[in-house]
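I opened the model to look up a few features. The entries below follow the order in which I checked them.

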Amino acid sequence: MKQAILTVKENVCIAKNVYKMILTGDLSGITASGQFVNIQLDGHFLRRPISVCDYTENSLTIIYKVVGKGTELMSNYTAGKELDVLTGLGNGYNIDVSGERPLLIGGGVGVPPLYNLCKKLIAQGKKPTVIIGFNTAEEVFYEKEYASIGAPVFVTTVDGSYGIKGFVTDAFERAGNYTYTYCCGPEPMLKAVYAKSVTSGEYSFEERMGCGFGACMGCSCKTKYGNKRICKDGPVLVKEEIIW
């Protein structure tokens, strides 16, 4: 974990209630795809944990959905705003176990954490396929971004207004054979992917967090290997250790 003062470079709406924010500053604390940051907001006691979408040593892209007063406040921040941010939180994904044809599955705001992972897998010569799921067409985002880095992308919407009608699991057959799964999204989606997938994989969990770095124990969950803190021992858990 590393604390840094980051500056907002860009903050734009990219889909219904979904914003992309680019921050600049010292991002050396981030070491793995799938980690998250914890942002201090004006007038709020608890920081807001937001997954890393993409990063370099001095630039961070996050994507968040406006769901409450904190994220609503974030959506009004403009270029030049300085934020106190804890970076490099969580364990992130292990890219060394993917095999040749990993399958990346994201739902809603679980779509962004897989983007940097996808870039790294392609850089290693792997051939990832991406499935991203939403409720309706107006919520779809980052399809073009995944396609632009060379990944086949399948989009599902629950109401059928865009792409494949149904859930992310309804696109598995079109995605073809795969060697490993990386997944991020709401728990019902994670459960469905867990039941559908035929390989091992890694699942990134969303959980309410107090501190974000393992001190308060507020996000503990049971696994086959004992209790783990989602913020510090996760948010990524391996399929074989998960207890539903």
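Which exposed residues does the face of H5 turned away from its buried side carry? I found Pro188 and Ala195 there. I took buried as under 20% relative accessible area, exposed as over 50% and partly exposed as in between, with a 1.4 Å probe and protein chains only.

I note that this is a predicted model, in which local features need pLDDT of at least 70 and side-chain atom pairs count only at pLDDT 80 or more, while totals for chains, interfaces and linings use all residues. Residues are numbered from 1 along each chain as its sequence is written, and side-chain values use heavy atoms, with hydrogens and water left out.

Entry on H5. I looked up the buried side of helix H5 (residues 187-196) and found Met189, Leu190 and Val193 buried. Seen down the axis of H5, the buried residues fall within an arc of 100 degrees, so they line one face of the helix. The arc is that of the directions from the helix axis to the C-beta atoms. Helices (H or I, at least four residues) and strands (E, at least two) are DSSP runs, numbered from the N terminus. I then checked what the buried residues of H5 pack against: S7, helix H4 (172-175), S11 and strand S12 (201-204). Contact here means heavy atoms within 4.5 Å.

Entry on the barrel. I traced six strands that close into a barrel in the order S1-S2-S5-S4-S3-S6, with antiparallel pairing. Two strands pair if DSSP finds at least two bridges between them. S1 (residues 2-15) and S6 (residues 82-89) pair in the antiparallel sense over six bridges. I looked up Thr7 and found Glu82 as its bridge partner in S6.

Entry on aromatic rings. I counted rings of Phe, Tyr and Trp (its six-membered ring) as a pair if their centres lie within 6.5 Å; planes under 30 degrees apart are stacked, over 60 edge-to-face and the rest tilted. The count comes to 12 aromatic pairs. Tyr93 and Tyr182 are edge-to-face, at 5.5 Å centre to centre and 90 degrees between the planes. Tyr93 lies in the loop between S6 and strand S7 (102-107), and Tyr182 in strand S11 (residues 180-184), 89 residues apart. Both Tyr93 and Tyr182 are buried. Phe172 and Tyr178 also pair edge-to-face, at 5.9 Å and 85 degrees, and both are buried. One aromatic cluster is formed by Tyr115, Phe134, Phe141, Tyr142 and Tyr146.

Entry on a charge. I found the charged end of Lys239 over the ring of Tyr194, 5.3 Å from its centre. The rule asks for NZ of Lys or CZ of Arg within 6 Å of the ring centre and within 35 degrees of the ring normal.
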